[in-house]
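The exercises below are meant to be worked with the sequence and the coordinates open side by side. Please try each task before reading its solution.

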Amino acid sequence: MPPLRSSAGLPFWARVLAWLALLLAAGGLPGCSSLPTEVQRPVSWALRTPETTALGRAVADYATRTGQRQDSGFRLLGGTEAAYASRLALIDAAEKTLDLQYYAILADPSTALFAQRLRAAAARGVRVRILLDDFNTAGPNAQVLRLGFVPNIEIRLFNPLAGSRRSLAGRLLGSLGNLDRMQRRMHNKMFIADNAIGIIGGRNLGDAYFGQSADSNFIDVDVLAAGRIVHRMSASFDAYWNNPLAYPVASLLTRGELDAMRRPDAPSPLPDAGPGGASPLDLSPARLTWAPSLLLVDQADKLAAEEPGAQDTVVDGLLRLMAGTRRDLFIVSPYFVPGGAMMDVLARLRAAGVRVRVLTNSLAATDAPLAHVGYARYRERLLQIGVELYEMRAEPGPGGSALSSGSARVARVLRRGSEGSPPRAAGAGAGSVSASRASLHAKTLVLDGSVLVVGSMNLDLRSQLQNSEVALLIRSRALAGLALEMAAPVLAHDAYRVQLQDGRLAWLPPDGAPPHTGSEPDAGLGLQWLLRLIGPLAPDEVL
């Protein structure tokens, strides 16, 4: 299992510790430390005149020259190479501003190259704002915060936790008196250059999201967007950036404290800024599909709401959208815990003859076993109403089709390094698709082959009630069809089809082998028994 629970808030072992913490907190144990109260948060905003930059001019000029009826263009980023290269290209092309909002930025070699390019951008006068959820800024990943002490780069931590940053365990212990705050995380993921072009989707920043982990890599999807919709993305970023829950990194720790936490033998987490180099991806608007779109985003105050569910949320909006499906609904959600309201929607769709397919992780593939417990509670009922279930296998199929293409090329970029920094040693954290396990991490919906949804949200109660999320809706048969084409080989070669046979669950392998019955395929018995013991104690909304 990867060292962090990438999308729903807590890793498995940390969830166990959190449940113990909940029992202690219920007994009245106070928190061990507190957050600063007098914090200066200078207000700042996204670039008001993106048309004064090369990216903004290119988008506006193309739309005018070609007579586009729609004011926003999109490109689906499924392969790891496109996902990585697009972010590097945006950093290199930015002239005035870069705004990054993420749940997790890990101190990995892939992130070190991002950091180098961000420093180079800041050195040439680009204002860089990085808004990061605070949960994963402990242990080695705390070193990412060094960027916040670089001129022209500012980092703010959203909904920070009090206590030590030396380890995740220390963070949990320091938050015993405020478990509710610990559970509520900013899960949004956006990457915006000059308020002209941006990226939105499921990926955090780290090796596992770009096919470079030697242990387990995530299958994920992003969308590159340009035009009016990016202004809406920037407005959302500003609302979070200027919110009282966003703390400047210097208000929470010093560079000296980061130095004290760094292991003496650790490589530099923040290479010197060197020349940016050529942008490795064509950002031309001509490569975009122009279509109507809508951005759904949770209010920043959702994480401070006294009662979870008091606000209309991204997941609420998606439930209403799903309810209007006429023919076919395809759901990709790595952590799928539908809850009562979603089960009602799915049951009504099936009663009306709508085909419903769901792709999620198997127990062996997931990085969040407790979330799988929540899904397993609904699995038989989903099959009984006629939902088609597919579970991602942990081991890639022939040719590694499960993992999106391009990871080998990303690895070569990292091994070469860039000018001004030493080359990366071959094999140093550069996992290959063929040698790595796979875990689904994409969050997409396709409705009636004409509407595509890509975002940060999981279809579970944690995303609905606890975390903040963002989702991009695009009405485009071309993009919706492309998303289905990308999913087809995963369904065909890398996922079990789950069915009920004689009243028992059966997992049908994609290679035509006999079905697996009786227990979760490829998962150790110890894990299965542990989840059977712990699972019944956990309510759906915290899984």
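This is a predicted model: local features need pLDDT of at least 70, side-chain atom pairs count only at pLDDT 80 or more; totals for chains, interfaces and linings use all residues.

**Exercise 1. Find the order of the strands in the nine-stranded open sheet, and state which strands stand at its edges.**

Begin with the setting: the protein has 15 helices and 21 strands, and 60% of its 543 residues count as buried. Next, follow the pairing from strand to strand, which gives the order β9-β4-β3-β2-β5-β6-β8-β1-β10, with mixed pairing. The edges are then β9 (246-248) and β10 (289-290), and because each has a single partner strand, one side of each is left without a neighbour in the sheet. As a check on one pairing within the order, take β5 (residues 190-193) and β6 (residues 197-201), which run antiparallel to each other and are joined over four bridges; here F191 stands opposite I199 of β6.

**Exercise 2. Classify the ring pairs Y62 with W290 and F237 with W241, and say where in the chain the partners lie.**

A pair of aromatic rings is described by the distance of the centres and the angle of the planes. The protein has nine aromatic pairs in total. For Y62 and W290 the centres are 5.9 Å apart and the planes meet at 25°, and since planes under 30 degrees apart count as stacked, this pair is stacked. The pair links distant parts of the chain, for Y62 belongs to helix α2 (residues 54-65) and W290 to strand β10, 228 residues apart. Both partners are buried, Y62 with a relative accessible area of 15% and W290 with 12%.

The rings of F237 and W241 have centres 5.7 Å apart and planes at 20°, so this pair is stacked as well.

**Exercise 3. Describe how the buried residues of helix α10 are arranged around its axis, and what covers them.**

Start with the length: α10 (residues 339-351) has 13 residues and reaches 18 Å from its first C-alpha to its last, close to the 18 Å expected at 1.5 Å a residue. Then list its buried residues, which are G339, M342, M343, V345, L346 and L349. These cover an arc of only 160° around the axis, so they lie on the same side of α10. The face turned away from that buried side carries the exposed residues R348 and A351. Among the elements that cover the buried residues are α9 (314-323), β12 (328-332), β13 (355-361), α11 (369-384) and α13 (461-466).

Note on methods: Residues are numbered from 1 along each chain as its sequence is written. Side-chain values use heavy atoms; hydrogens and water are left out. Two strands pair if DSSP finds at least two bridges between them. Helices (H or I, at least four residues) and strands (E, at least two) are DSSP runs, numbered from the N terminus. Rings of Phe, Tyr and Trp (its six-membered ring) pair if their centres lie within 6.5 Å; planes under 30 degrees apart count as stacked, over 60 as edge-to-face and the rest as tilted. Buried means under 20% relative accessible area, exposed over 50%, partly exposed in between (1.4 Å probe, protein chains only). The expected span of a helix is 1.5 Å times one less than its number of residues. The arc is that of the directions from the helix axis to the C-beta atoms. Contact means heavy atoms within 4.5 Å.
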